[in-house]
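User: I am new to this structure. Please take me through it in short questions and answers.

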Amino acid sequence: MNKNLPIPKNEVSRLDALAQYNILDTLPEEEFDRITQLASIICGVPIALITLGDKDRQWFKSKIGLDTPEIPRDVSFCQYTINGESLFEIEDATKDERFLSNPLVTGQPNIRFYAGFPLIDPEGYALGSLCVIDREARTLTADQRQALTLLANEVVSQIVSRKKNAEKEKLEKMFDLSIDLICVAGTDGYFKKLNPAFTLTLGWTIEELLAKPFYDFIHPDDVTITSNEIKKLATGEKTINFENRFITKNGDYLSMSWVANPDEITGELYAIARDITERKNIEKSLEDSLSSMEAILESTADGILVVDEVGNIVRFNKKIQELWSIPDEVMHTMDDNKALDYVLDKLVNPQNFLAKVQELYANPEAISSDIIELKDGREFDRYSQPRFMDGVHRGRVWSFRNITELTNTEKEKQQLFALIETSQDFIAFADVNGNPTFMNKAARKHLGIDDNKMLSNFKIHDFFDSKEIKFIREDISDGLKKEGKWEGEMHLLNIKTKKAIPVQMSAFVIRDTITGKAIGLGYVSRDITQRKKEERLRKVLQEKYQNIIANMNLGLLEVDNNDIIQYANQSFADISGYEISELLGKTPNEVFIFGENSAVINSKIQLRQQGKSDSYEIQVKNKRGELRWWAVSGAPNYDDEGNLVGSIGIHLDITDRKKADLALKESSQLYFAMFEKNQTPQLLIDPTSGNIIDVNSAATQFYGYSLEEFKLMTISDISTFPSDQLLEEMKKFTITGPSYFQFIHKLASGETCDIEMYTSPMSISGQALLISTINDISKRKLEEERLVQLNNKLKEVNVLKSQFISTVSHEFRTPLAGILSSVQLLHIYNDIWDKDKKEKLFKQIFDAVQHTKALLDDVSLIDEEQTSKTFFRPTNIQLLPLLNEIIEENIRVSETNQKVILKSNLDINNYYMDSIMIRHIFNNIISNSIKYSNKNIIFELNEIDNKEIEFTIKDQGIGIPHEEIKYLLEPFYRASNSGSIKGTGFGLSIVKRFVDLHKGKLLIESVVDKGTTVTITLPYLQT
């Protein structure tokens, strides 16, 4: 087109708008011909036209007085008309410089007079014009101009109406051809209108479905939830992704996913359902397959590494990390080069190793196997083969196997024998008849067998208590025959002293490595006398600290083997609504379990009786009758003798999370049964080219692109999936029928979004298309991750309980043993020893008592902080005198020559703080600095902006490994380099809580072998 000719500013959008009306090159229509006739009559001219301005031509939808169907746009008068918004009139074209040489003026049809009014659609686009032409110069009257304006508006109305009718016809066709089940229903429970897909999917005729309430076709278990959903719709709420089951005519039930929307005027419900039965089956099958593959990968003895064609790590198992000792932070970069850099330092010949890697990457189809040597003496068998998917090279699989054992068999045998001989465990071997053939030194010593005594004089049963012989002959022998091994606790007998020794024993069958035939028996036993004593002590301590467990934020419940509640903590009482006394002596089924959930609980009881733990979710009723959801982590409960006495469960109320799940399914989206009114994003796609043919308003809102932009795009423009593969899959959809996929799509904002896509083939005007429905599943993905984290947190609670009891038991036993020993010595030697020696023992007793008291203080602080909301009691205190007092106490108790140098620039003396907590905070920090350092400590106090006090304690001690600093504030954690220095691991966790109660901040910085700096910032608290 000539650039000097008038072109509308919005020409590209205008042409797109014209194309959307699908009116160009259509047959004559009476509605438009009547208008041109009226224009010709009213204006008294021989020629009247309805013109549409295409890119390079002007096409006539209706014409009076001309035979040609179109003219070139660059000679048309109407190109000037569409650049304005009002009547464009030329009285005499021969006197107008723009037209005097125009071929339509100098030749046929010899135009002299022209008047045209632009055809502007509701979106403001000038599609063409209604014009009148005469072969004589003239002007229009005011009435004629008005009439021409009105007729032009009528032309626009006809064009718009024509488009709407075409769209309506398209939507009706979509209704009839859709594979999705589309219906109109009433809140009275009856269908009003159904598309043929109902019959195709369910087998019922339309008449059969309309004759009965739709509840008659719903699975009985789903009727109530469906009724509740209908009630919500009746109030104006919307439904999305609601699932229930419908019966087919042959008696099977199909799973349906529904999207529904109420009509605000009629109250009728417009809904679309999709058969998701196959999808659910596929998801279950895929989940099982992935689980099996994961188990195989992790169970192999080989270290496996899978990389793609550009060297990115796609998958690896734990074994490869174990073989190469590669840290998580290296492997999780998923960068093959970083992993490669890490292992090269471990190799005897890294150049050869790297050369082989480069050779294989240069030859993608090559297969390789070789032996590599490590500096630590190990040898690995390295094997590599290419990885293909659908015949396309997708990278390489590496496997590494430790074959050091094969090459060093004799050496390892010697080492193994030395290990057996020096082991403190009792290790013995016997032939298949039970005759002992070997016992290590520890076994001979504890069982009373002299080194020169021949083992052939004994039977293996000679070393067992006579009361347990029957058990050995039946249970252990039976276990060895069936499973080839047995583990458990029993007693061994010293043949000299006849003293029974409690042991933890593992018995196993020794088989020929080639034939698999049993050739002997092996026994490994460990003396558990001390452990038994510790278990009894732990039981006492467990009772003592029961109040701590009772006030956990998670609900704790213990039941016996008959499922009768034996114990519940206060948190469980809070979430169930019952008093603890109301729970004891009853079963969960009697109190808060109802309906089908009773069967769930019974199945969990059976798991516990099998010694199995698991986590699950269950719906319960609290005392107020409210339905609540609990996440439960259950495990079997054993007594000190290892007998199963019931089960223990940790409960977390997850009702709010369940409500969030439901809200996600019922997210508010206006939805109409037809394509344009559907508030779920939908795309109409050409499967052969991937071009986006049409989208609904919900799609433009979701993706952020306009309809015009979408029509210039392909499906690959919004998908991260490779375009060639995507087109290949889309072509299959037209054959395979409805399909479901999950993709990552790109939004106009540049962000990406996880979506699920339901795609069905359809035909419009003979063209095969795909209609795709898009659902945003980003929140669901995040929620799934959150649930995994929550489940891990529940598991940590059990670990914390066990760790707490074990740590406290150990810390109490050590000082108490010292006290007992010292008292016994004083009792025996009181009359013999001099005063200095007695004073030394008294000092040891005093130190042990002080240590025990400090431990009790820490435990009581934990308990009081958790159970009392009034524990924080700030008052006006003189800070500097208090800090000096704390420093003097620590120097005196530690009996050290170290100094704590206090430097202060504080301007005032009195501060509003909790003196007990301040004493505990700095007692702990200063004592740690003295304990882990042998040099002077610097203690600085600085005011910050007259709002805060910054306390800085610096020592030059052993320091803390950088990677462990983040764990120091957890209860019971002690740094790995603390060695034999005494400590409980309680202190810093309590310091952190007390700093938090003051609304302060705690920062720990440290370098190993250089020292540690602790910075505590506390604000001025007001009275």
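User: Is Phe463 buried or exposed?
Analyst: The relative accessibility of Phe463 is 1%. Buried means under 20% relative accessible area, exposed over 50%, and partly exposed in between (1.4 Å probe, protein chains only). Phe463 therefore counts as buried.

User: What kind of model is this?
Analyst: Residues are numbered from 1 along each chain as its sequence is written, and side-chain values use heavy atoms, leaving out hydrogens and water. Local features need pLDDT of at least 70, side-chain atom pairs count only at pLDDT 80 or more, and totals for chains, interfaces and linings use all residues, as the model is predicted.

User: How many helices and strands does the secondary structure hold?
Analyst: Helices (H or I, at least four residues) and strands (E, at least two) are DSSP runs, numbered from the N terminus. By that rule the protein has 32 helices and 38 strands.

User: What share of the protein is buried?
Analyst: The protein has 1023 residues. The buried ones make up 43%.

User: How many aromatic pairs does a search of the whole structure find?
Analyst: Rings of Phe, Tyr and Trp (its six-membered ring) pair if their centres lie within 6.5 Å; planes under 30 degrees apart are stacked, over 60 edge-to-face, the rest tilted. The search of the whole structure gives 25.

User: Which type of aromatic pair do Trp204 and Phe217 form?
Analyst: Their centres are 5.3 Å apart, with 70° between the planes. The pair links distant parts of the chain, 13 residues apart: Trp204 lies between helix 6 (197-202) and helix 7 (206-211), Phe217 between helix 7 and helix 8 (223-234), each in a loop. Trp204 is buried at 17%, and Phe217 is buried at 3%. The pair is edge-to-face.

User: Which type of aromatic pair do Phe458 and Phe463 form?
Analyst: Centre to centre, Phe458 and Phe463 are 5.5 Å apart, with 45° between the planes. Phe458 is buried, at 11% relative accessible area. The pair is tilted.

User: Which residue lies over the face of Tyr21?
Analyst: A charge sits over a ring if NZ of Lys or CZ of Arg is within 6 Å of the ring centre and within 35 degrees of the ring normal. Arg138 lies over the face of Phe113 at 5.7 Å from the ring centre. Over Tyr21, at 4.8 Å from the ring centre, lies Lys163.

User: Which residue is the bridge partner of Met490?
Analyst: Strand 19 and strand 20 (residues 500-511) pair in the antiparallel sense over 9 bridges. In strand 20, the partner of Met490 is Val503.

User: Which residues does Leu584 touch?
Analyst: Leu584 lies in the loop between helix 21 (580-583) and helix 22 (588-591). Leu584 is partly exposed, at 38% relative accessible area. Contact means heavy atoms within 4.5 Å. Not counting residues up to four places away in sequence, Leu584 touches Ile565, Gln566, Tyr567 and Ala568.

User: Which residue stands opposite Gln742 in strand 30?
Analyst: Strand 29 (residues 739-746) and strand 30 (residues 752-764) run antiparallel, joined by 8 bridges. They form a hairpin with 5 residues between them, and Gly750 in the turn has a positive phi of about 100°. Opposite Gln742 stands Glu756.

Key:
Two strands pair if DSSP finds at least two bridges between them.
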